[in-house]
Structure formats: C-alpha cells, structure tokens
Amino acid sequence: MLRLIPLFLLLLTSIARADLVFAPRYEYIRGKEDELANRLIVKSKLNSNVGPFAVFIEGFGEFEANEDQAFIRKSPSRGYLQEAYLEFKLDSFYVRVGRQAIRWSEMWSQPSLDVWSGRRWSRLFFDPFQDQLTHPTGASFSYARESWSLDLVGIGETAETTY
C-alpha cells in the first residue's frame, strides 16, 4: 500500500484538484524535576476528488528529542499512516477500500462496538484521541437514506494495538 502512494500523488496532481495540508506542532513538557517531552509532531492530509472518485491519505510523524522519554513511553521517532483509502461515491451509495476508520457509532471518546481498531497506549494522555487509534484495512459498502443506513464491511487486516 505504501508503495502506491507516490503513484497516487502524481496521478492526482496531474488530473484533479488536491488539498494537501501540513500541520507542524512543537511540544515541550517539563515536570518539577524531569523533562517529559521535547518533540515535534507533523500531521499531514491529502484529500482529492475527481468526479465520484476520491483519495484520502492522513498520517503524522513524531520526532522526540528526549531519548529517555522515547524509551520510557515506547514512542520512537517515526511516521504513522493513519488512513489511506480510495472512495467511490454516487448519491446515497459509497464504497471505500484501504485503511480507514470504521465506527458503528458517532462516539469518538470510546468507539462503541469497534473490534477492529487498535490503540497506541504509549500516546495516552499525550495526544488527541484520534492519534491514539490505529485503523483496520478493508472495504466498506454503505447505502444511506434520510432515516436509515446499511453498512457492509470486510476487514482484510485488523489494526494492531501497541504499547
């Protein structure tokens, strides 16, 4: 999947309008005696549409300068691919294929009935909830009307929980 990202970027920039966002954030957290974090986080998103087709890619990289805390929190300096999917949307019907957030409810503080998402427990209390989650890879088919919806999901790879 990661090998296809440069190809998608080249294709999208040549035929479609693509929105690319980078959001860097620097954090320095210090307690009374110890430095708890000295890190740079760079989040990025790519969202592009061509007619009924869309591509969405989101990820972030964390670069921790305090090696002691990186070891204690088990949070090495590296990049994380949050979501990367292709979507086909036509009126009330859509299909998504790739790594995606799949929720059975609108509750983001504790996803209900979500057996496919994993957690990055080393990011607990340090990062927003969305950055703590890892998402499964698969396909989802949805049909929605005003008062009801039907969702079918096939999971090829469940998300990994780490600490």
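Does Tyr-163 count as buried or exposed, and at what relative accessibility? Tyr-163 counts as exposed because its relative accessibility is 59%, where exposed means over 50%, buried under 20%, and partly exposed in between, using a 1.4 Å probe and protein chains only. Before we go on, note that this is a predicted model, in which local features need pLDDT of at least 70, side-chain atom pairs count only at pLDDT 80 or more, and totals for chains, interfaces and linings use all residues. Residues are numbered from 1 along each chain as its sequence is written, and side-chain values use heavy atoms, with hydrogens and water left out.

Let us stay with this tyrosine for a moment. Tyr-163 sits in the segment that follows β9 (149–157); strands here are DSSP runs (E, at least two residues), numbered from the N terminus. Leaving aside residues up to four places away in sequence, Tyr-163 touches Ile-72, Lys-74, Trp-121 and Ser-122, a contact being heavy atoms within 4.5 Å. With Lys-74 the chain separation is 89 residues, yet the two C-alpha atoms are 6.7 Å apart.

Now turn to strand β3 (residues 53–64). Because 10 of its 12 residues are buried, β3 is largely enclosed by the rest of the structure. On one side, β3 pairs with strand β2 (residues 35–50) in the antiparallel sense over 12 bridges, pairing being called when DSSP finds at least two bridges between two strands. Within this pairing, Ile-57 of β3 is the bridge partner of Leu-46. The two strands form a hairpin with 2 residues between them, and Gly-51 in the turn has a positive phi of about 60 degrees.

Strand β4 (residues 78–90) is also an antiparallel partner of β3, over 10 bridges. Here Phe-53 stands opposite Phe-88 in β4.

Key: Helix = DSSP H or I, 4+ residues; strand = E, 2+ residues; numbered from the N terminus.
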